[in-house]
Amino acid sequence: MSEKRRENPIKAFFVILKDMIKYNKGFAFGFIFLVIALGLTLMSIFSPYNPKSWNVVPKDLPPSFKHPLGTNSVGQDVFWLLTFAIGNSFLLGCVTAIIASIVGTIVGLIAGYKGGIADRILMSLNDTFIVLPSLPILIFLAFSLRENLNMVTMGMILSIFSWPWGGRQIRAMVLSLREREFTYTADSSGMGTFSIVFKEHFPFIIPWIMANFINTILWSIGMEVTLAVFGLSSLETPTIGTMIYWSTQYQALFRGIWWWVLTPVILAILLFVSLFFVSSGITEFLDPRTRLQRIKARG
């Protein structure tokens, strides 16, 4: 009996996933592309080349059977470089999203439920980070720390400017939840603040957290691309941004080496579109009103 119970959540997950793919074409496209991207990332384990080494293959070769996406002007295989770039970009996005989601969720839950002085203090701190000009500060920090930058460090820096938006939105949702009858019941039964916000309120905001987590990954990767174009990323680490940076530094497009510059650009476009579709699909599927409409339509 206990084994069946352990299997049920896994089965339920795949049933829900199948349902989302079946009834939401945008989510299906995004999910399939992300699975392919993850597969390419795993292929980097079998790469015959060190992604940080130059002049390991002949330069500026067009796509061929031996080099599916050609080679670049510094003697790297673009395909194998791409497998590392996807993984590093995802690592950066996940570090940023994890930190931002944890901090924003805690701040929003406590501020929304407690109200009063706690709310004013937390929201003042929250709004201070919102009004800060993030791009100039990020450019300054990246320039100052670029000798010591890596994906984890950059993710931590980016999370400073991404958590406040989630904190304010979660607070708005909790302000509504704290007026519900179940909140008054939990409060009168003697439950503490943390028990109420995490046991009673947190389940209601999980759909938004999941969607915002993916949006934060998208924002983080986009910001790294922006910084890399200015030469302010970890340029020795292959990412989507650094691939674009080095291709522009060597004027790949003007020299006819189109496969070098178009590969990361097309990948970035497909990745952003896929993440957007997945985020939208999760939000739509977990929204109770949308689910009711879908059930009525099936009936």
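How many of the ten residues of helix 10 are buried? Seven are, so helix 10 is largely enclosed by the rest of the structure. The buried residues of helix 10 are Ile240, Gly241, Thr242, Met243, Ile244, Tyr245 and Ser247. After helix 10 comes glutamine 251, which has a positive phi, near 50°. This is a predicted model.

**The overall picture**

The protein has twelve helices and zero strands. Its pattern along the sequence reads α-α-α-α-α-α-α-α-α-α-α-α. The C-alpha trace spans about 75 × 50 × 35 Å along its principal axes. There are 299 residues in the protein, and buried residues make up 43% of them. Among contacts with a separation of 6 or more, 68% come from residues 24 or more positions apart.

Take helix 7 (residues 163-177) and helix 9 (residues 193-229) to begin with. Helix 7 brings Gly166, Gln169, Ile170, Met173, Val174 and Leu177 to the contact. Helix 9 brings His201, Phe204, Ile205, Trp208, Ile209 and Asn212. By class, this contact of helix 7 with helix 9 has eight nonpolar, four polar and no charged residues.

Now take helix 3 and helix 7. On the helix 3 side, the contact is made by Ala100, Val103, Gly104, Thr105, Val107, Gly108, Leu109, Ala111, Gly112 and Tyr113. On the helix 7 side, Trp163, Gly166, Gly167, Ile170, Arg171, Val174 and Leu175 take part. Sorted by class, the contact of helix 3 with helix 7 has ten nonpolar, six polar and one charged residues.

Gly166, Ile170 and Val174 of helix 7 are listed in the contact with helix 9 and also in the contact with helix 3.

**Aromatic pairs**

How many aromatic pairs does the count come to? The count is ten. One of the pairs joins tryptophan 54 and tryptophan 246. Their rings sit edge-to-face, 5.4 Å centre to centre, with 85° between the planes. What parts does this pair tie together? Tryptophan 54 lies in the loop between helix 2 (25-43) and helix 3 (78-114), while tryptophan 246 belongs to helix 10 (residues 240-249), so the pair links parts that are 192 residues apart in sequence.

Another edge-to-face pair is formed by tryptophan 258 and tryptophan 259. Here the centres are 5.4 Å apart and the planes are at 85°. Tryptophan 258 is partly exposed, with a relative accessible area of 44%. Tryptophan 259 is buried, with a relative accessible area of 7%.

Phe29, Phe276 and Phe277 form one aromatic cluster.

**Two residues up close**

Where does serine 44 sit? Its place is in the loop between helix 2 and helix 3. Serine 44 counts as buried because its relative accessibility is 14%, and buried means under 20%. Setting aside residues up to four places away in sequence, serine 44 touches Thr83 and Phe84.

Tryptophan 219 lies in helix 9. Its relative accessibility is 28%, so tryptophan 219 counts as partly exposed. Which residues is tryptophan 219 in contact with, leaving aside neighbours within four places in sequence? They are Thr96, Leu158, Phe161 and Ser162. Aspartate 77 is a separate matter: tryptophan 219 and aspartate 77 are 142 residues apart in sequence and 28 Å apart in space, C-alpha to C-alpha.

Terms used:
Residues numbered from 1 in each chain as written. Predicted model: local features only at pLDDT ≥ 70, side-chain atom pairs only at ≥ 80, totals over all residues. Heavy atoms only, no water. Phe/Tyr/Trp six-rings, centres within 6.5 Å; stacked < 30°, edge-to-face > 60°. Helix = DSSP H or I, 4+ residues; strand = E, 2+ residues; numbered from the N terminus. Buried < 20%, exposed > 50% of the residue type's maximum accessible area, 1.4 Å probe, protein only. Contact = heavy atoms within 4.5 Å. Nonpolar A, V, L, I, M, F, W, Y, C, P; charged D, E, K, R; others polar.
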